[in-house]
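Colleague: Before I build anything on this model, I would like to go through some of its local features. Please put it up.

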Amino acid sequence: MIPRYSRPEMVAIWSPETKFKIWYEIEAHACEAMANLGVIPRENADAVWKAKDVEFDVARIDEIEAVTKHDVIAFLTHLAEHVGSEEARFVHQGMTSSDVLDTCLNVQLVRAADILLDGVDKVLAALKKRALEHKNTVRVGRSHGIHAEPTTMGLTFARFYAEMDRNKNRLEKARWEVATGAISGAVGTFANIDPAVEEHVCEQLGLRPEPISTQVIPRDRHAMFFATLGVIASSIENIAVEIRHMQRTEVLEGAEFFSMGQKGSSAMPHKKNPVLTENLTGLARLVRMAVIPAMENVALWHERDISHSSVERGIGPDATITLDFALHRLAGVVDKMLVFPENMLDNMNKFPGLVMSQRVLLALTQAGVSREDAYAMVQRNALKVWEERVDFRELLLADADVVAALGEDAINEKFDMGYHTKHVDTIFKRVFGE
């Protein structure tokens, strides 16, 4: 990914230097395990550890690969330059390239997941803080983009919190699922390497042995990992779209923080544009772009082909780096977001009292009016509010049929805003457990 949408912590995981360091650790731990089994001389295994503080020369490895046309062989050749040709002769014994590549990829994905989980936690903290702050800030709920019934801004933040909390759970499961390693040799039969080597390497790297690998670790694990990233990205967009709507001039119930010196438009000085949340919508598309290729990687020929390899070299860093950046951007947007309660009430009252229509409908049916007749009585008054912007309560009080069924006091009582917020505490307890 380009630096504009990258954070150094995640970028570092995917650097060539990090990759070669992991490759080295896989090979060194494998040698150590083989020495423990008496398969190779102890002194050769110990010699490999002489390179534990080496910063591998990426340019030199690339130079060797230009000849060998094989990245793992190029690395092993460079490693021998540090360890010594004779001392390194047992490195990679019984192993195949996928043992190194797949185990390394999963180490990187686990590390990336840890950073992403930290980002999710930051989003959750911001959403919870704002939910508690605006627990009882009344705003109109919308369905189909049209005023529906009253809700609160706190409930809006709370539902996003619950969604992101589910995503945290999904990511934890995806991290667990992808945290496997394979040191099983050609076609995965362990014919040339003891399964104890795999167990030792995985333990040292914080992985579990893959129960059965066919020279490659099964790609359904990776498909689920990237699918989870895609779901999280969609949730980010879900929040971003709500904020973008709230910032529209004719709505203006909330807005991104506008910093000192910030400019909204090169042409129109009055503009305050929701650029951060629009950016989040775009970044979500990039993350989801990785999902289908990851799923298509599941179907490989026989025990192995490399059709997945070029895909993963792209989507591994791109999807995790992009999502990491998006999570931290979203946390900042939510934390600094401006909320305008007065505008929320003004918007609700553009069609005075109309959001109470269902309560009046239910009251009429409870008073003995058929649902069909009750609906007609409420709707004929509601439509006048739409067309003439008159007060819904006043229309109902002037409607003889409605007054006959309910009485004036009962009609007035149906316009109590507290009716719609009486269970906010219950919902918050369900979401936050407090």
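Colleague: In which loop does F190 lie?

Modeller: This is a predicted model, with residues numbered from 1 along each chain as its sequence is written, and local features need pLDDT of at least 70. Side-chain values use heavy atoms without hydrogens or water, side-chain atom pairs count only at pLDDT 80 or more, and totals for chains, interfaces and linings use all residues. Helices (H or I, at least four residues) and strands (E, at least two) are DSSP runs numbered from the N terminus. On that basis, F190 lies in the loop between β3 and α8.

Colleague: What is the phi of F190, and how accessible is the residue?

Modeller: F190 is not a glycine, yet its phi is positive, about 60°. Buried means under 20% relative accessible area, exposed over 50%, and partly exposed in between, with a 1.4 Å probe and protein chains only. F190 therefore counts as partly exposed, its relative accessible area being 23%.

Colleague: Is S184 buried or exposed, and which residues is it in contact with?

Modeller: S184 is found in the loop between β3 (180–181) and α8 (195–205). S184 counts as buried because its relative accessibility is 1%. Contact means heavy atoms within 4.5 Å. Leaving aside neighbours within four places in sequence, the contacts of S184 are D99, T189, F190, I193, E198 and S213.

Colleague: How many bridges join β1 to β2, and which residue is the partner of V138?

Modeller: Two strands pair if DSSP finds at least two bridges between them. Strands β1 (residues 138–143) and β2 (residues 146–152) run antiparallel and are joined by 5 bridges. R139 stands opposite T151 in β2. For V138, the bridge partner in β2 is T152.

Colleague: Where is H144 found, and is it buried or exposed?

Modeller: β1 and β2 form a hairpin with 2 residues between them, and H144 is found in the loop between these strands. Its phi is near 60°, a positive value in a residue other than glycine. The relative accessibility of H144 is 81%, so H144 counts as exposed.

Colleague: Why does the span of helix α5 agree with the value for its 13 residues, and which of its residues are buried?

Modeller: The expected span of a helix is 1.5 Å times one less than its number of residues. For α5 (residues 71–83) this gives 18 Å, and the span agrees because the end C-alpha atoms are 18 Å apart. G84, with a positive phi near 110°, follows α5. The buried residues are D71, V72, A74, F75, L76, H78, L79 and V83.

Colleague: Which helices do the buried residues of α5 pack against?

Modeller: The packing partners have residue ranges on both sides of α5 itself, which covers residues 71–83. They are α2 (16–36), α3 (42–48), α4 (58–68), α6 (97–133) and α12 (307–336).

Colleague: How many cavities of 30 Å³ or more does the structure hold, and which helices each supply at least two residues of the lining of the largest?

Modeller: A cavity is a set of points on a 1 Å grid over the protein atoms alone where a 1.4 Å probe fits but cannot get out, and lining residues have an atom within 4 Å of a point. Points are joined across faces, edges and corners, and a volume is the space filled by probe spheres set on them. The structure holds 1 cavity of 30 Å³ or more; the largest has a volume of about 30 Å³ and is lined by M153, T156, F157, F160, I239, E242, I243, M246 and M337. The helices that each supply at least two of the lining residues are α7 (153–178) and α9 (220–247).

Colleague: Which helices do the buried residues of α15 pack against?

Modeller: Helix α15 (residues 371–388) has 18 residues and reaches 26 Å between its end C-alpha atoms, close to the 26 Å expected. Its buried residues are A374, M377, V378, N381, A382 and V385. These pack against α14 (357–366), α16 (392–397) and α17 (400–406).

Colleague: Is V369 buried or exposed, and which residues does it touch?

Modeller: V369 sits in the loop between α14 and α15. V369 counts as buried because its relative accessibility is 19%. Its C-alpha atom is separated by 10.0 Å from that of L406, 37 residues apart along the chain. Not counting residues up to four places away in sequence, V369 touches L364, A374, M377 and A405.

How values were computed:
On a 1 Å grid over the protein atoms alone, a cavity is a set of points where a 1.4 Å probe fits but cannot get out, and a pocket is an open set with protein on both sides within 12 Å along at least five of seven lines; lining residues have an atom within 4 Å of a point.
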